[in-house]
Amino acid sequence: MSSDAEPLARSRPGERRDIDPTGGALTDAALAPETIARQDRLSALAPIFVFDVAGPLGVYFGARRAGLSTVGSLVISGVLPAIRVITTIVRQRQVDVIGALVLSGIGLATAAGLISDNARLYLLDGLVPTVVLGGVCLISLLWERPMMFRIALETMGHDSPKGRAFESMWRYPGFRRIFRVITLVWGVVFLLYSVLQALLIETSTINTAKTTSNVLPVIVVGLTLAWTLAYGRHFRQQSAPNPGRGA
């Protein structure tokens, strides 16, 4: 008896498949970030806006107007993002990769800022986790499973029905290729963002650098996620059955 993966193996290069051997599972699960993005978008975006963008900026500029030092204001502004991550960890009872990186970045920046009393060093050290994540994404292309696949699986839960179904899709070459491309793009984006933000920190005022450090990541991630979703839709269209074409 032939396996359900055989139609994939038999497809000639450049030939579009008219049959999805997974009964639609391959195209439906081809892009986990799209599934994740559709779930409670507003409830997911609201805490990010409050605790990572508007909240920290409001605390920072409010503390500056109150007469607190620049470094002190920066340190206090990092409390809100830390609260959001810690609350998520407590609620989910596990530490995910992104949460760990956010906390490590806040901790490293706080220590560097307080020890050196240097606001620019505080902001630069906050970029270290992003640089690490970008580097790990690129290095993970040499691993059996790239970083973005691991993050998506961790988000779904290894032992959840959705997580198990998602993980089972790894046996398909097209699915593996998708996540290698996604991981490559996200890794490059993380590193390019870090370079851009470092230049802004070094060449602009602290107030401007602080603002971009909170606003720019949301813009960058939003644009990259939009590309990710478009890439997934393109793959799904290419993989979908086409009654108008012959087998």
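Of the 21 residues in the largest nonpolar core, those touching the most other members are Leu 133, Cys 137, Met 148, Phe 149, Phe 166, Phe 175 and Phe 179. A nonpolar core here is a set of buried Ala, Val, Leu, Ile, Met, Phe, Trp, Tyr and Cys residues joined through side-chain atoms within 4.5 Å. Buried means under 20% relative accessible area, exposed means over 50%, and partly exposed lies in between, using a 1.4 Å probe and protein chains only. At least two residues of this core come from each of helix 9, helix 10 (147-156) and helix 12. Helix 10 gives the most, with 7 residues. Another core, of 14 residues, lies apart from it and includes Val 71, Ala 109, Leu 127 and Ile 201.

A word on what you are looking at: this is a predicted model, in which local features need pLDDT of at least 70 and side-chain atom pairs count only at pLDDT 80 or more, while totals for chains, interfaces and linings use all residues. Residues are numbered from 1 along each chain as its sequence is written, and side-chain values use heavy atoms, with hydrogens and water left out.

Now step back to the whole chain. Its secondary structure comes to 13 helices and 0 strands. Helices (H or I, at least four residues) and strands (E, at least two) are DSSP runs, numbered from the N terminus. Of the 247 residues in the chain, 38% are buried. Among contacts with a separation of 6 or more, 70% are between residues 24 or more positions apart; contact means heavy atoms within 4.5 Å.

The axes are lines fitted to C-alpha atoms, for helices over the stretch in contact, and the angles run from 0 to 180 degrees between N-to-C directions.

Let us begin with helix 9 (residues 128-139) and helix 12 (residues 173-203), which pack at about 150 degrees with their axes 8 Å apart. The two helices are therefore roughly antiparallel to each other. Angles under 35 degrees count as roughly parallel, over 145 as roughly antiparallel, 65 to 115 as roughly perpendicular and the rest as oblique. The crossing of helix 9 and helix 12 is left-handed, a name used if the near helix is turned anticlockwise from the far one by less than a right angle, with right-handed used if clockwise. On the helix 9 side, the residues that meet helix 12 include Thr 130, Leu 133, Gly 134 and Cys 137, and their partners in helix 12 include Thr 183, Gly 187, Phe 190 and Tyr 193. By class, this contact has 9 nonpolar, 6 polar and no charged residues. Ala, Val, Leu, Ile, Met, Phe, Trp, Tyr, Cys and Pro count as nonpolar, Asp, Glu, Lys and Arg as charged, and the others, Gly among them, as polar.

Leaving aside neighbours within four places in sequence, Gly 187 is in contact with Gly 134, Cys 137 and Leu 138. The C-alpha atoms of Gly 187 and Met 148 are 9.2 Å apart, although 39 residues separate them along the chain.

Helix 9 also packs against helix 10, at about 110 degrees and with the axes 8 Å apart. These two are therefore roughly perpendicular to each other. Leu 133, Val 136 and Cys 137 of helix 9 make the contact with Met 147, Met 148 and Ile 151 of helix 10. The residues here divide into 6 nonpolar, no polar and no charged.

In the loop between helix 9 and helix 10 you will find Arg 145, which counts as partly exposed at 22% relative accessibility. Not counting residues up to four places away in sequence, Arg 145 touches Ser 140, Arg 150, Glu 167 and Trp 170.

Finally, Asp 117 sits in the loop between helix 7 (97-116) and helix 8 (119-125). Asp 117 is exposed, with a relative accessible area of 56%, and its phi is near 55 degrees, a positive value in a residue other than glycine.
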